[in-house]
Every structure is written in structure tokens, then in C-alpha cells.
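This report is meant to be read with the sequence and the model side by side.

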Amino acid sequence: MTGASPVDDHRSSALGAPVGRRIVLGVLAAGAAGVLSGDAVSNALARVLGPLEARDPTGLLALFPLGDTFRFYSVTGSVPRRTAATYRLSVSGLVAQPAVYTVADLKALPQTTFVRDFHCVTGWRVPEVHWAGVQLSEVLDRAQPLASATAIRFRSFDGTYTENMTLEQARRPDVIVALQMLGKPVTHDHGGPVRMYAGSMYGYKSTKWLSGIELLDHAEPGYWETRGYPLNGIIQK
Ligand SMILES: Nc1nc2c(c(=O)[nH]1)N[C@H]1C(S)=C(S)[C@@H](COP(=O)(O)O)O[C@H]1N2
Ligand SMILES: [Mo]
């Protein structure tokens with residue numbers, strides 16, 4: 001890859017060194033020009049956009065060692081706690097049957113479990129994570145999307161994070177409303193009591209502290225997409 005000077009000092013990135021605007025624009029321009037493809041894209045994104053994620057107001061990122069381990073990400077300084085008793089998930093927008101689910105409601109739906117690697121676009125990865133929850137397609141079938149619905153916006157009860165998927169991507173069998181992660185109920189720090197998990201997509205598609213699923217007739221770029229991440233988060237292998 002050429003055309004952009006990579007930021008490769010991950011240590012200073014993790015400590016919050018700012019990313020040069022010039023470099024971000026350079027890589028985005030290179031991507032837009034089709035110079036990059038496949039792994040080159042994710043490597044470039046990892047180098048340039050990684051430091052953006054590292055602007056984590058909690059500062060927790062710098063405390064975690066590199067390796068096969070999760071980092072806890074939040075774009076907000078603190079997130080209200082919701083318990084299984086107080087949690088609600090709304091399904092709204094272009095659907096015939098809007099609904100509000102409790103944790104008990106979600107547990108009463110058919111459960112899916114699988115083991116998948118977790119990939120953050122910045123380069124870290126956790127192998128063989130155990131997941132359990134309800135396939136999003138199951139929830140969508142109940143909501144009965146209108147013919148005009150083409151996309152989904154996910155909302156978080158952190159009040160800030162949003163994400164998107166096409167309706168078609170959302171129906172992939174490995175896209176779940178996750179109740180369990182790492183073999184136990186999703187912890188608060190990992191986005192519990194309920195988060196998204198999209199097995200074939202980069203981590204930023206897996207909205208933590210999930211509060212809303214809205215059906216739209218157009219793609220609405222999410223939090224990271226308005227800051228340079230690709231709208232389509234599917235991992236190209
Ligand atoms: N609400 C919310 N969801 C989020 C994020 C976030 O900052 N806030 N970060 C995303 C990114 S970039 C990744 S890699 C994963 C990280 O999940 P973890 O914090 O459980 O490791 O959550 C995704 N979902
Ligand atoms: Mo990420």
C-alpha cells in the first residue's frame with residue numbers, strides 16, 4: 001500500500017496520542033481510490049482508526065495487555081446499569097408489529113449458541129468465544145418488517161452509540177441478540193445484560209448495551225461510520 005504514511009506506534013496510540021488528520025484523510029483517500037483491498041484495508045484501518053477507538057474516555061484501554069484478550073470499549077465515560085429486571089429492548093420503525101422485550105421475553109425465544117472469534121477492526125482478536133442468544137432474524141420475523149424496510153439502526157442505552165446493517169445482513173444466522181458471552185451472562189462492561197454480536201463482521205457492528213432496533217428505508221451511518229469506518233463491516237477473508 002502506498003499513498004499514506006502509517007501511524008505504527010501502537011504504544012503511544014494506546015496512550016492517546018492524536019492521529020494526524022492528514023494521515024486519516026490520506027488513508028481514506030487511498031481506500032476510496034480502490035488502492036487497498038482485502039487485508040490491506042483492515043491493516044490500514046487498524047493503524048489509522050485504531051487510535052480513534054483508543055480515545056476512550058474511560059482510559060481503560062491502556063491498562064489491558066495486547067494478546068488474546070478483550071479490551072473493554074465504550075465511547076462514553078460511563079454507562080447506566082440495567083439489570084435483567086430493568087432492561088428493555090424496543091423494536092420499532094418500519095414494522096407491522098413493534099414490540100418491547102424484557103430479558104425474560106428474550107430468554108423465552110429459541111436460543112442459538114456458537115463459538116466464534118471476535119475481531120476488532122483495529123487488529124486485536126479473541127479466538128473461540130462462546131456466544132448464546134436469539135437470532136436477530138427471529139426477532140425480525142416477529143416484528144414483520146414492511147416492504148419499504150431495507151436497513152436497521154441499532155441504539156445503545158449508553159445514549160450515544162449507534163450502528164447499522166442492511167436488513168439482509170441482519171438476517172445472517174450468526175447475527176444474534178446476545179444474552180451470553182464467554183459462557184456466562186454478558187457482563188456490564190461487555191455491554192450486558194444484552195448486546196449484539198455479529199459473527200462475520202468487525203466488532204464495531206456488535207452494539208453493546210443494546211436498547212433499540214429500528215427498521216429504516218435507508219442506511220443511517222453509525223457512530224464509527226461518521227468517523228471513517230466502512231458502512232459495511234463484513235470481514236473479507
Ligand atoms: N455501545 C457501544 N458498543 C460498542 C462499542 C462502544 O464503544 N460502545 N465499541 C465497539 C467496538 S469498536 C468493539 S471492537 C466492541 C468491543 O467489545 P468489548 O468492549 O466487549 O470488547 O464493541 C463494539 N460495540
Ligand atoms: Mo473495535
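In this predicted model, a polar side-chain atom of arginine 195 lies 2.8 Å from an oxygen atom of ligand 1. Two further polar pairs can be set beside this one, and the table gives the protein atom, the ligand atom and the distance for each.

| Residue | Protein atom | Atom of ligand 1 | Distance |
|---|---|---|---|
| Arginine 195 | polar side-chain atom | oxygen | 2.8 Å |
| Serine 206 | backbone N or O | nitrogen | 2.9 Å |
| Lysine 208 | side-chain N or O | oxygen | 2.4 Å |

Of the 540 Å² of accessible area that ligand 1 has on its own, the protein covers 99%. The residues that surround ligand 1 number 22, and the closest are Arg71, Tyr73, His190, Arg195 and Lys208. Sorted by class, this shell around ligand 1 consists of 11 nonpolar, 6 polar and 5 charged residues.

The next topic is the sheet. Its 5 strands follow the order S2-S1-S10-S5-S6, and they form an open sheet with mixed pairing. Strand S2, residues 99–101, and strand S6, residues 162–166, each have a single partner strand and stand at the edges, so one side of each is left without a neighbour in the sheet. From one strand to the next, the twist averages 20°.

In general, the strands of a sheet pair through backbone hydrogen bonds, and they do so either parallel or antiparallel. Strand S5, residues 151–156, runs antiparallel to S6 and is joined to S6 by 5 bridges, and arginine 155 stands opposite threonine 162 in S6. Helix H5, residues 136–143, packs on the sheet, where it touches strands S1 (89–93), S2, S5 and S10 (210–216), and the direction of H5 makes about 110° with that of S5.

Two loops remain to be described. Most residues other than glycine have a negative phi, and most peptide bonds are trans. In the loop between H5 and S5 lies glutamine 144, a residue other than glycine whose phi is positive, near 55°. Proline 193 belongs to the loop between strand S8 (184–185) and strand S9 (195–198), and the peptide bond that joins glycine 192 and proline 193 is cis, with omega about 10°.

Key:
Residues are numbered from 1 along each chain as its sequence is written. Chains are lettered from A and ligands numbered from 1 in the order in which they are written. This is a predicted model: local features need pLDDT of at least 70, side-chain atom pairs count only at pLDDT 80 or more; totals for chains, interfaces and linings use all residues. Side-chain values use heavy atoms; hydrogens and water are left out. A residue is near a molecule or strand if one of its heavy atoms lies within 4 Å of it. A polar contact is a pair of N or O atoms within 3.5 Å; within protein, one must be able to donate a hydrogen and the other to accept it, and residues adjacent in sequence count only if both atoms are side-chain atoms. Accessible areas come from the Shrake-Rupley method with a 1.4 Å probe; for residues, only the protein chains shown count as cover. Ala, Val, Leu, Ile, Met, Phe, Trp, Tyr, Cys and Pro count as nonpolar, Asp, Glu, Lys and Arg as charged, and the others, Gly among them, as polar. Two strands pair if DSSP finds at least two bridges between them. Helices (H or I, at least four residues) and strands (E, at least two) are DSSP runs, numbered from the N terminus. Axes are lines fitted to C-alpha atoms, for helices over the stretch in contact, and angles run from 0 to 180 degrees between N-to-C directions. Contact means heavy atoms within 4.5 Å.
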